[in-house]
Structures are given as C-alpha cells and as structure tokens.
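Reader: Can we walk through this one together? I'd like helix packing, then the sheet, the interface and the confidence.

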Amino acid sequence: MTTAPEPAIHCHSVSRRFGSTVALSEFELVVAPGSILSLLGPSGCGKTTALRVIAGFEDPDSGSVTIGERTVVGPGVSLPPERRRVGMVFQDYALFPHMSVAENVAYGLSSGELGRVYEVLELVGLAGMGDRMPYELSGGEQQRVALARALAPRPTVVLLDEPFSNLDAPQRERMRREVRRILLEAGATAVFVTHDQAEALAVADMVAVMREGRVVQVGAPHIIYARPSDPWVAGFLGDRVLVPGTAGIGQVVTPLGAFPYRGRANGDVQVMIRPEWIHPIPDDDGAATVVDREFYGHDQMVLLELPDGQHVQARIGPRPLLDPGDRVSLGIDEVVVYHGSDLAAPPVVPPAD
Amino acid sequence: MNDRPGGAAPQVQSPEIGGVLEAPPGSGKRYERTGRAAPPWLWAAGLLVLVPIGVPVASMLARVLGASDGAWDVLFNARTAELVLRSALLTLLVTTAATVIGIAAAWIIVRTDLGAPRLWGVLMLLPLVIPSYVFALSFLAATGPRGLVADLTGIAVPFLDGLPGAWLALTLSTFPYVFLVTAAALQRLDPALEEAARGLGASTWRVFRTVTLPLLRPAVGAGALLAALYTLSDFGAVSLMRFDAFTRVIYAQYAGRLDRTPAAVLSIALIVIALGILWAEQRTRGRASHYSHRPIRRPTRHRLEGRRRAVAVLFLGTIAALGVIVPVTVLVAWVVRGIDAGEQIAVPWNAVAGSVVGSVLAAVLAMAAALPVVVLAVRYRSRRTEALERSVYVMFSLPHITVALAVLIFAVRYLGPLYQSLALLVVIYATMFLAQATGAAKASLLQVDPHLEEAARSLGKGPFRVLRDVTIPLIWRGLLAGGALVFLTTMKELPATLLLRPTGFETLAVRIWAAADELFYARAATAALVLLAVSAVPAYVLIVRPKDATS
C-alpha cells in the first residue's frame, strides 16, 4: 500500500446553523486530488452551504476546512474567498454582464496571462467566442464560460453548485459529458452539488450522500448504488424494493425466498432489492403473478404480486413481454439486509444463484 | 420596465425616486445571519455617515436636557401650544389633500383609458422640481393689490397667504410623492385580485375601497409619511406665507436672540413630533406590506365616458396648471414686469455658482457615502444593518432647520475653523439627503446577483477591487440617479443653507427667499426661473428619461 495522498479538501466537523435551522452538523468530507466528487442530497440538506463554507462565502460556526495544505477556516483562521484558490461555478453562472467572454475569463488572471484565456476557451470549446457578450450566449455556452473562468487561474479545487439545473434536458445530458471531459482534461479536483441522483452517478468519481447536514455515505457510484448504507439512501439513489425478512443463523428468510446471510442480526430485518436484480421467469407453477407492467422501450417495469399478497417491482429488458395474470418464478441476484436502527450494518450479499 | 406588447403601458414611475420613497425600512421582518460577517472597515464607513448629524443632534439634546428650568418655559406656554396646533393643522390638511390628489391622479392615469399616461405622469411629477417657497412666491406674486390677477382683471383679490397659501403651496409640493409610489404600486398590483372582486359582484367603487386601497396601503402610507414630514419640516413656504409654524418660530428665535437655548428647545420638540409621525406610520403599517409583485398582465382599464372623462381631464388639468404652468407663468410675467419697470434684472451668477457647487459636491459625497450603507443593508442584511438604514432615513426625516441649528451650535463650540465653512455645509447636505442616494442605489443593488460579487471574490480579487470592478459598474445608473436626486433636493434647500453658509456664500434658494421676503418679486422670480432651469437637467434624468432608458 502506498501512503494516501494529501486530500485536496478536508472538511472536519463543520457545523453551521441559520437561526434554528441546522444547515451543517459535524459535516465531514475528504476529497482526493484530481477526483470529481458529487455532493448529493435532497433540497435543504445543507449541500450548498457546505460548498459555500469551502469557498469562503459562509463562515462555519465550528469546525475546520483544509484546502491542499492550507487550513482556510478553523479556530482563529478564516481566509477570505479571494485567498483560497477555489474556482466557483454558480447555478446561474454569474457571468459579469458588463464584460465580454474573454474579459470574464481573464478576470481572475493577472494581465500578463492573456494566452491562458485562449487556452481555457479552447478547452471548453469556445475558441473564437471571446468577443461575445454573455447575453449573446446560449445557456450551455454560458456554462462553458463560467467553467472556463473558474479554471483559468488554475485553482486548487473547482466547486460547482447545481451546474446543470438551468439547462433543458437534451443540453443537460451533453453538458454532463462535456463538463466531465473538461474537468478531467484540466486535471481539476472538483466538487459539485446536485439533488439529481442520475447526474451524480453519471458525472462523479465519488458520491457523498447528504442528509440533514451530514454526509451519510461516501463511495464510488456503483458501490453506493449497490450497497446503500440504509434504506433511505437506497431510495434516494434509485428504485428499491423493501420487504420484511427474518434473519437466522446463516440465512435470511423473505417473502421472495431465503438467502444466505452471515450478518450479526437475529430476528426481524428489512431486506432491500433493486428492481433490476429481480428476474421474473415465465413459469406456470411460479409463485408470483404479474399484476401490471409499464413499458419504456429500452426496458420495462413489471409489477408482481407475491403469494402473501405483497407487491414488488422488477425491472427487466424489453423482452419477454409479460402480461397481467402470467405466473412467474423469480430469480434474484442479491439482496441487502438492514437491521433495525443499526442502519449502517454492513449488508451481506449472497452469490447469484 | 419594458413596454408590454399590446399597447402603451403607463410609464409614470421613476424607479430611482420610487426607491427612496419606499425606502423606510419596514418593521416586523426577521432576519437570520447569513454569510460572512461584514468587515469592520465597512461598518466603520457605514457608521461614519451618522456622525455629522447624529453627534450635533445628540449634543443639542444633552444641552436642552441639562438646561436650567427657565429654558423649558418656552415649551410650556400658551404660544407654544398654539404653535403645535398650527403646525399639526397644516400638516394634517396638507397630508390629507396630497394623499387624495396623489391617489386620484395615480388611479386615473394608470387604471383608466384617459390616454397620454406618459405626459400626464410627467406633469404630475414636475412639481417635485419646484421648491415650496417658489410656489409660495408665485401665489403671492399673482394675488394681492399689485398682483397679476388684479392687473389682468382689475379685481383686487386679497393675498393668498397665511394658512390657505401655505396649504396650497405645500400640497402642490408634496402630492407628487404620493402619486409616484401609488402609481408604481398600482402597476405592480395583480389585476386578478380586483377581477376576482368584480366577479363576486362588487361595484367599481366597492372594489377600489375594499380591495385596491387596502393593497395600496403601504405605498400610500410611505408617500403620505413623506408629505407629512416635508410639511412639518418646511421653512420657505410658511415663512413667505407668514404662517407661524414651528420652523418659522424656531428661525425667529434663532435670529432674534443671542441665547440659542429656546430655539434648541423648540427644535427638540419638533424633532420629537417628526419622529412620532415616523413611528406612528411604521406602527400602523403592520403586516400589510405584502402586496403582490407580479406585473404579469396589464390590468384592464376602466372606460371613462362623457361627463366622467371631462371631470378626469379637468381634475388632472387643474393640478398640472397649479403645479407647473401657473407658477412658471407668474414668474415669467414678473420678470417681464420688472424689466418693463426698469428694474435691474440680471442672472445672479454668484448664487448660481453657489447652488451648483454646493449641490454637485453634496451629490458626489452622498453617492460615495451611500455605497457602504447600501452594501451593508443589502449584502449583510441583519437587524444591525437594518438599524443603520433606518437611522439614515431618520436623518432624512429630521426637519432641516433643527439639524442646521444643532450643527451650528455644535460647530461654534467644537469645530472652530469648520464653522461656516463650505465643507461643513456640503457634509450636512449630503448627510441630510443621504436616504435619497441610498434608496436609489439600494433599488439597483437589489437587482444585482450576489453571485457576481462572490464569483469575483473567488477569482482572487479583494473586496475593494470587486466593489470597483463589479458592484459599482452594475449599480452605476441607480447611484447616479440617487446623486441627481440629492442634487435636486440640495438646489431647493433653504433653512440649513441660511444657518450654515459661509459668509458671502449665496445660493439661488437664499436669493429667492430673501428677495421674496422683502417683496422684490421680480428679482425673486428671476432667481427662481434660473433655479428651475438648472434643475431641469437632473429632473430630465429622473422624471422624463426613465422610460427611454429602460425600454
């Protein structure tokens, strides 16, 4: 094992209240250099406040933030935003309306660095647009300018606040890929805030899920999706099927069958399954019945009724087409087991059959 | 505001002046601490603006409270009681008339199909340029045994002076404030509310009384408040009209005696009354200040037909005639008369220079002083910054003669060389009228996305650089409009100039007042016309241009 690199951002026990509202509560976050991290959470969970504390627009009530090797805010220290080397991309882009594109991008540079302006405009795909005024640009172009302006002074980290929420759907998809390409090409460390789980999973290397002012889980997108630390995170990240189960020695018994289990829990547990982990197989002797289906084209969602009357959803490919009333047997890839209040208990997963 | 498609949206508001009128910071809001704390230097700059008036007034208060019992006699005698009643009566009459005229004119222009809303709107606002003592001068010069009316008709009408004269002059000086805010509020009002009431079967009048008027209450209240404070504070009109209001008696006490304590005692009493009015208005405003801000649809305009149309035209026409046309005509006629009579009529250049220099310096200083106040009030909103904003408005509400007297007493005692200096006079102008600059600049800054400043900060620029590169360029228009407003008000200012001007320093206001007081109407009229000509530039920027510049 090599020693872990110095984190680009380290928030330690940061708390911030607004009156009686708690925005951040002992917030912890570590961002590795060169990575793209998404702060994901429902609105009001404190994610924008976290960004603003890192950038220096808000002072925390307590806790500290380190960027690179410097403590930018902590006991007795509070560097103003202009001394933090943090690039910021706002939801509304905040381009200076009285300056051209090139002037916007050059604003954070010293006068001798004109070449850098064209370099970053090139990077974001806006070479030759330097003379335009912000109001002459489309939303996507404005966003590229905002990103170019933030990247131009080579900040230690770039922070993006809901960067895609002002774009329409087709543009959003394109800009997601673009922004990821630009950030990777610039080698930037980036944190972006979003409430859209699809966006977070698609763009980020690491996702930090926030709830009520704290980070409840951090991990690579595919890991937090498959191993959410509690049923709430599971539901926030995607569709989920929750069924009651009974844990015993070596197995957990559910209405969907019994699964091997090596956890410590004993007795009543909750079992979470992603709909795409459930594979209904047409079978006249099957235990489950098809109740309904929603056909989406690239896939379909099938609503199934279990023998005990419970309904669960399965996401399957466009074929086979199952009709209401069809009987099916169910193959299940894996399950995640949650036990009582011990929501962070490591889920244990059986091998697919 | 842009013209909405489909016809002439009435353009009668002047957003910058409106910003001032709606500036009295409302009470009852709860603010939470947000963002970083305001830097100490910003607070220092913000608090500094309170010093030039705050310290002398506090000092005067201390002096009055510490005075011997005999000094208070001036307050507790029958004559002072009469004075209070007279001032209260005048204030009540003027405020009532100004409010009725202002609301009626706004409703007719904004909500009926009378036509030419722009022209009517400008005509209703132009009286703002004319000082109250010029109204007084023109009415005095038109009436009386040697007046223009007597000349033209041969009928010797009595002088229009005393209470009726002061009432008319001050009503014409103050109704535009009510008109301006009411018209702006009417345009912002969601027409659906009135339509809903109509749909429930209410008559036009009932809708106006039970829906429109209550929704306009905050705006009308702000305008009426300004009218009342203006009247209470006015010195020029009441002194020319020989109506013994508070300010005239304070001046007489100051001018006639070496001991300034009686004048100081009366000043404190007047300040208490002014603050009482301010407080009462804030208290009664309550929580009604949440009118709809959705100018989505143009309201339907009421059809005016036949006699109603004639009445509306007659009403607005009379106001415009009295507020603009009559005064200017009378002034011109007196200048012509003076020339015919062989009087020496010349442009008083030294007074022009004094007025322009004083007003320009005051405007520039007020713009500079407005910046820290506005940045604190908008970007670091808290109870404390709201208190600062409120203090600036209180300084604006204090009767000018009381402020001037307090500053004078203080300067004689402690300021040595600054006493009777242009510097001190300009500082007092700028501080008294600061609320006009902050109101206009605040309206502009509220339009600027705070993320712009934050973006600039995170791009490595310090707060001063950001102020220079981003904030000031983006609020420049509002700041300039605030400066124009301060210029206009300083041009008209009389009592503080009388008390604080350096020896030999003259302004048009002083020239007009002194000449009119000694019945040299031709000379006074000349100076008044020059004053109106100089004021035309900022008036154009504030009143006529807003539509051209924003559409």
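Author: A definition to start: a crossing is left-handed if the near helix is turned anticlockwise from the far one by less than a right angle, and right-handed if clockwise. This is a predicted model, where local features need pLDDT of at least 70, side-chain atom pairs count only at pLDDT 80 or more, and totals for chains, interfaces and linings use all residues. Residues are numbered from 1 along each chain as its sequence is written, with chains lettered from A and ligands numbered from 1 in the order written.

Reader: Is the crossing of H4(B) and H5(B) left-handed or right-handed?

Author: Left-handed, for H4(B) and H5(B). Helices (H or I, at least four residues) and strands (E, at least two) are DSSP runs, numbered from the N terminus.

Reader: At what angle do their axes cross?

Author: Roughly 160°, with the axes of H4 (78–111) and H5 (117–125) of chain B coming within 9 Å. Axes are lines fitted to C-alpha atoms, for helices over the stretch in contact; angles run from 0 to 180 degrees between N-to-C directions. That makes H4(B) roughly antiparallel to H5(B) (under 35 degrees is roughly parallel, over 145 roughly antiparallel, 65 to 115 roughly perpendicular, the rest oblique).

Reader: Which residues make the contact?

Author: H4(B) gives Ala105(B), Ile109(B) and Val110(B); H5(B) gives Pro117(B), Trp120(B), Gly121(B) and Met124(B). Contact means C-beta atoms, placed from the backbone, within 7 Å.

Reader: Now the sheet. What's the strand order?

Author: E16-E20-E17-E18-E19 in chain A, an open sheet of 5 strands with antiparallel pairing. Two strands pair if DSSP finds at least two bridges between them.

Reader: Which strands stand at the edges?

Author: E16 (278–282) and E19 (311–316) of chain A; each has a single partner strand, so one side of each lacks a neighbour in the sheet. The twist averages 45° from one strand to the next.

Reader: Interface next. How many residues of chain B are in contact with chain A?

Author: 21 residues of chain B, against 20 of chain A. H20(B) gives the largest share of chain B's side, 7 residues.

Reader: And confidence in chain B? Where is it lowest?

Author: In helix H25(B), residues 546–550, at a mean of 44; helix H18(B), residues 422–432, is highest at 94. pLDDT is the predictor's confidence in each residue, from 0 to 100. Chain B averages 83, and 89% of its residues score at least 70. Over residues 1–16 of chain B, pLDDT is below 50. Where pLDDT is low, predicted coordinates should not be read in detail.

Reader: What are the ipTM and pTM scores?

Author: ipTM 0.85, pTM 0.82.

Notes: Two residues are in contact if their C-beta atoms, placed from the backbone, lie within 7 Å.
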